[in-house]
Amino acid sequence: MRKRGVALLVAAALAVTGLSGCGAASGEASSGREKVRLMVWSPQNDQSKDNGEWLQTMCEAFADEHPEWDITFVYGVADEASAAGQVSQDPEASADVFMYANDTLTTLTDANALAKFGGTYREQIEGMNSKEVISSLTMDDNLYGVPFTTNTWFMYYDKSVFSEEDIKNLDTMLEKGVVSFPFTNSWYLPAFYLANGCTLFGDGTDEAAGVDFGGQKAVDVTNYLIDLKNNPNFRIDADGSGIAGLRDGSINAMFSGSWDANAVKEALGDNMGVASLPAFTLNGEEKQMLAYAGSKAIGVNPNTRNMVAAVQLAVFLGSAGAQKAHYEMCGVVPCNTQLMEEESVQADEVVTAQNDTFNNTSILQPFVSKMSNCWTPVENMGKSIRNGSVTHENAADQTEQMNEAMNSDGI
């Protein structure tokens, strides 16, 4: 009864927002219900009984919205990061509808495993999301999915140690408390280089433009990072040390994402603060840290035998009603602009910080193929600073080596 009740509420919400179905599938006689089979993949978390079986509940709500179809759902488990690999290996045998991370978009399109959304469907999707979110799923002016959450990182801090003014600048924070940062993780460390004008593939989509993590602007950042690592109030976060430090009071701030929200809440209780990224002071000037950002989306397999139903299900799963249920049942941070205006959602600091970071203190993580060459050189820079092999004396040479490696195919 609980699952059925949720399904009906979601269906009602979708009807109010004008996102219910648009008619029967083409090529089928109107005299009876068309039999439709849809294979749908999502992470296990979305299908677990502990979370109310969100996916199954939403699919049943979708079926209620479409009495013209007799739908059989076949569920499979694939998280957003690995779905692209599974689908691209054999698109014709894979799910009709699945969830994927936007940085795997080219893997899917190269395998002809991701359908484009056009016409009224694209208009609906664009009307539900910010232009920044839409751009994360757009390539060559084609839209390839229905976003359901943003994906980036931000800052957790102890409100008993730092004021709202303190958290605007990292260096100010380091004067008042202990800050932890994933220094050797190449998803995080570029935030400092990007803040000082370093670029990746032009606007992130021009592979021929290459990477510019070189020159004095990058050397200045490397020197800043050397000093940061040596600051007595700085800690390198690895293997859960940040959370552990918040718990025992030895660390007062850390950088992570929504996946750590519950653990941070347990550690800090009412003193839990959440905010977008701070600036830092470089050569007397404030520079705004910029995180990598992306999104997660519902994609449709272009090889599906039920394209209309698959596309409408994808739009349904990414709609305001489904996102609200996803948030309440599974803790997935929503990105739907209409939903973000609700008071209960706005009151959630994690939701606000994640979407603030995505829209204001981040760059879209490039999904061009040569981005794969950028991870290891940055990781090695962080490890070398940590180990003391990168110093002020060799910072210029080591920074240029990092830049060259990021522009290399590893051959």
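pLDDT is the predictor's confidence in each residue, on a scale from 0 to 100. I noted that down first, as the model I have open is a predicted one.

**Entry 1, confidence.** I looked up the average pLDDT for the protein and found 92. A score of at least 70 is reached by 92% of the residues. Over residues 1-5 pLDDT stays under 50, and the model has 7 contacts beyond four places in sequence for them. Residues 7-31 also stay under 50; for this stretch I read off 36 contacts beyond four places in sequence.

Next I turned to helix H5 (residues 119-127) and helix H12 (residues 307-317). Their axes come within 11 Å and cross at roughly 10°. Angles under 35 degrees count as roughly parallel, so I wrote down H5 as roughly parallel to H12. On the H5 side, the contact is made by Tyr121, Gln124 and Ile125; H12 brings Val308, Val311, Gln312 and Val315. Sorted by class, I have 5 nonpolar and 2 polar residues here, and no charged ones.

What volume does the largest pocket have? It comes to about 800 Å³. The lining has 36 residues, and the closest to the pocket centre are Ser258, Trp259, Lys296, Gly331 and Val332. I then checked which elements give two or more residues to this lining: helices H3 (80-89), H11 (261-268), H13 (320-330) and H15 (349-360), with strands E6 (146-151) and E16 (291-300). By class, the lining residues divide into 16 nonpolar, 13 polar and 7 charged.

Technical notes: Residues are numbered from 1 along each chain as its sequence is written. This is a predicted model: local features need pLDDT of at least 70, side-chain atom pairs count only at pLDDT 80 or more; totals for chains, interfaces and linings use all residues. Side-chain values use heavy atoms; hydrogens and water are left out. Axes are lines fitted to C-alpha atoms, for helices over the stretch in contact, and angles run from 0 to 180 degrees between N-to-C directions. Helices (H or I, at least four residues) and strands (E, at least two) are DSSP runs, numbered from the N terminus. Angles under 35 degrees count as roughly parallel, over 145 as roughly antiparallel, 65 to 115 as roughly perpendicular and the rest as oblique. Contact means heavy atoms within 4.5 Å. Ala, Val, Leu, Ile, Met, Phe, Trp, Tyr, Cys and Pro count as nonpolar, Asp, Glu, Lys and Arg as charged, and the others, Gly among them, as polar. On a 1 Å grid over the protein atoms alone, a cavity is a set of points where a 1.4 Å probe fits but cannot get out, and a pocket is an open set with protein on both sides within 12 Å along at least five of seven lines; lining residues have an atom within 4 Å of a point. Grid points are joined across faces, edges and corners, and a volume is the space filled by probe spheres set on the points.
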